[in-house]
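Me: I'm new to this one. Can you walk me through it?
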Amino acid sequence: MSSSATACAKVILLGEHAVVYGRPAVALPLPEIRARAEFIPESYPFTLDAPQIGVNARLDELSPNNAIVQVLRIVSSRLGESLPAGRLRVTSDIPVAAGLGSGAAVTTAIVRVLAAVFDRPLTPQQVSAIVFEGERVFHTTPSGIDNTVIGLERPVLFVGGSPPEALPLGGPFDLVVADSGDRCETRVAVESVRQSWWRDTPGMERLFDEVGECVGLAVEALRVGSLGDLGRLMNRNQELLEAIGVSTPLLGRLVAAARDAGALGAKLSGAGMGGSVIALATPGGSPAMAQSMRAGGAAWVRTTTVHP
Ligand code: MEV
């Protein structure tokens, strides 16, 4: 009998990059956009079938440097089981290298399905800890925020090295998520910020401190449901991300398109240098914002409601 599991995409509401340097960040799950892993027991050796990345081969035919192969080795070693005979089919609705947590979501779905195959129930925290090791394959210095929000599938206030805190929300709100269509792997953007940090450590630390202050104020705005304040803090976070060096002209245009259409706040989300923009909508305002962001050049736009 086959087994299957899924995992959600995510957005960073505020605090990306600074979170790698120990500041807090807020992340939200996108439950409607998911990666899937299905295991079909068959008689031949373990086969990986990932049509979206053009892979359909026995594991021993794939390069050991392939990221999914490395992830599978980590998962099998953590679960203390060898990979069984059968086919693992991996598919995803999450655009790759778009700041939406595609790598962590695919790994989470794989860990969940293999845990089910081995009949080894894992807590969300255990899944997240295994996925964190896989994240190191995709980019070398992950903060741990992606595996945490995707593993728990609830809004989180995250500081590296501490257990994630629950994030009380004063009410629901709508976010519009727009993928610019430009691709940048997280590790490339994180490495570029690292170079800037080496060149000007005090300057970058000041920017990260300001991001951390925005996050602190945003947590309070979220708690009392003050969307106007939250939007202003997202706008300030975007200015800081521009100063950090990870925005691009296209991301800037999408942010402007969202604000022109009435967004309370808009910013890039995730690693930047490509990828996605998120915009906070007024009640009922998301269709106009989505249209404006499409006209501004977005490759793909989705609206999501964040519930307390
Ligand atoms: C990636 O979703 C967010 C970054 O801050 C990297 C990380 O936290 O590992 C850019």
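Reply: Start with a term: a residue is near a molecule if one of its heavy atoms lies within 4 Å of it. This is a predicted model, where local features need pLDDT of at least 70, side-chain atom pairs count only at pLDDT 80 or more, and totals for chains, interfaces and linings use all residues. Residues are numbered from 1 along each chain as its sequence is written, and side-chain values use heavy atoms, with hydrogens and water left out.

Me: Which residues are around the ligand?
Reply: Lys10, Ile12, Glu16, His17, Val19, Val20, His139, Pro142, Ser143, Ile145, Asp146 and Ala271.

Me: And which elements supply at least two residues of that shell?
Reply: β1 (3-14) and α4 (145-152) each do. Helices (H or I, at least four residues) and strands (E, at least two) are DSSP runs, numbered from the N terminus.

Me: How far is the ligand from the side chain of serine 143?
Reply: A ligand oxygen sits 2.6 Å from an N or O atom there. For lysine 10, the distance is 2.9 Å, again to a ligand oxygen. Aspartate 146 has a polar side-chain atom 2.9 Å from an oxygen of the ligand.

Me: How much of the ligand does the protein bury?
Reply: 98% of the 290 Å² that the ligand exposes taken alone. Those accessible areas come from the Shrake-Rupley method with a 1.4 Å probe.

Me: New topic. How many aromatic pairs are there?
Reply: The structure holds 4. Rings of Phe, Tyr and Trp (its six-membered ring) pair if their centres lie within 6.5 Å; planes under 30 degrees apart count as stacked, over 60 as edge-to-face and the rest as tilted. Tyrosine 21 and tryptophan 197 form a tilted pair, 5.8 Å centre to centre with 40 degrees between the planes.

Notes: A polar contact is a pair of N or O atoms within 3.5 Å; within protein, one must be able to donate a hydrogen and the other to accept it, and residues adjacent in sequence count only if both atoms are side-chain atoms.
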